[in-house]
Amino acid sequence: MKKIILSLTCILFTITAFSQELKPVKIDSLVSVSLPKGFQKKDTLGQQIYTGNGAFGFITIIRAPNAKNNTPLNKERDLKKVLNTYMEGIQKQSHNGSVMNPRDTTIGNLEAKVFTLRVDNTGSTGEPVQLRHFILLYTQDVTYTFQYFYEEKRLELAKEELRTFITSIKVSPTVKRNEQYISNAKGLSTGAKVGIYGGIPVVIIIIIIAVMRKKKKAGEV
């Protein structure tokens, strides 16, 4: 995750005003996405980084292999925790960034995290307010980070290109949910069970004490 965040902060985002039609590109055998003509690909610290100028925004995609000893996730809640940690890490690495509209979604058979990072450096660097739309996709072997970056004043102009970019992300139908976590079992975690079932007796005790005090006061009267 640290490598992903470092790469995100080191890339210089330069938005150009000319139109670029997006074309499908295979990131690997599992994932494909549409990128502008003339996009660049670089290998950095074992990661593949794709960058390209759209008509109104700048696109960045990072394919980062996870550690070879990466422990498989057990349940869906573990995946959600990982994705939330990634999101929080990206926010911390930004200057004056705030997360907007975080939500869970699916791409093919896989779950993903979508959110917008609004970065306002107008009071420090004087840069225009920026919006960075992120999609985080995690598998046991690789983590993919998709980003569409533009100035907030281009919001209405960028909407269609952003939609085209997001809907172009495809995952091979051969990839199943167990690429993300092992068990499909639902249910409460141990901590939640302890909190709920352990809390019931406490609530009962509080009610009994309240009733006893009420009776005692009534007797005194």
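In this predicted model, the side chains of Glu111 and Arg177 meet in a salt bridge, with N and O 2.8 Å apart. Glu111 belongs to strand β7 and Arg177 to the loop between β10 (170–171) and α4 (190–220), so the pair ties together parts that are 66 residues apart in sequence. Glu111 is buried, at 8% relative accessible area, whereas Arg177 is partly exposed at 26%.

Strand β7 also contains Arg118, which pairs with Glu152 in the loop between β9 and α3, 34 residues away. Both Glu152, at 26% relative accessible area, and Arg118, at 25%, are partly exposed. A network of salt bridges that share partners joins Lys80, Asp104 and Lys113. The count of salt bridges comes to nine; three of them are listed here.

| Salt bridge | N to O distance |
|---|---|
| Glu111 – Arg177 | 2.8 Å |
| Glu152 – Arg118 | 2.9 Å |
| Glu21 – Lys23 | 3.5 Å |

In the last pair, Glu21 is exposed at 56% and Lys23 partly exposed at 44%.

The open sheet has seven strands in the order β3-β4-β5-β9-β8-β7-β6, with antiparallel pairing. Strands β3 (40–44) and β6 (97–107) stand at the edges with a single partner each, so one side of each has no neighbour in the sheet. From one strand to the next, the twist averages 15°.

Two helices pack on this sheet. Helix α2 (residues 76–93) touches β6, β7, β8 and β9, and its direction makes about 20° with that of β7. Helix α3 (residues 155–167) touches β5, β8 and β9, and its direction makes about 160° with that of β9.

Conventions: Residues numbered from 1 in each chain as written. Predicted model: local features only at pLDDT ≥ 70, side-chain atom pairs only at ≥ 80, totals over all residues. Heavy atoms only, no water. Pairing = 2+ DSSP bridges. Helix = DSSP H or I, 4+ residues; strand = E, 2+ residues; numbered from the N terminus. Axes fitted to C-alpha atoms, helices over the stretch in contact; angles between N-to-C directions. Contact = heavy atoms within 4.5 Å. Salt bridge = Lys/Arg side-chain N within 4 Å of Asp/Glu carboxyl O. Buried < 20%, exposed > 50% of the residue type's maximum accessible area, 1.4 Å probe, protein only.
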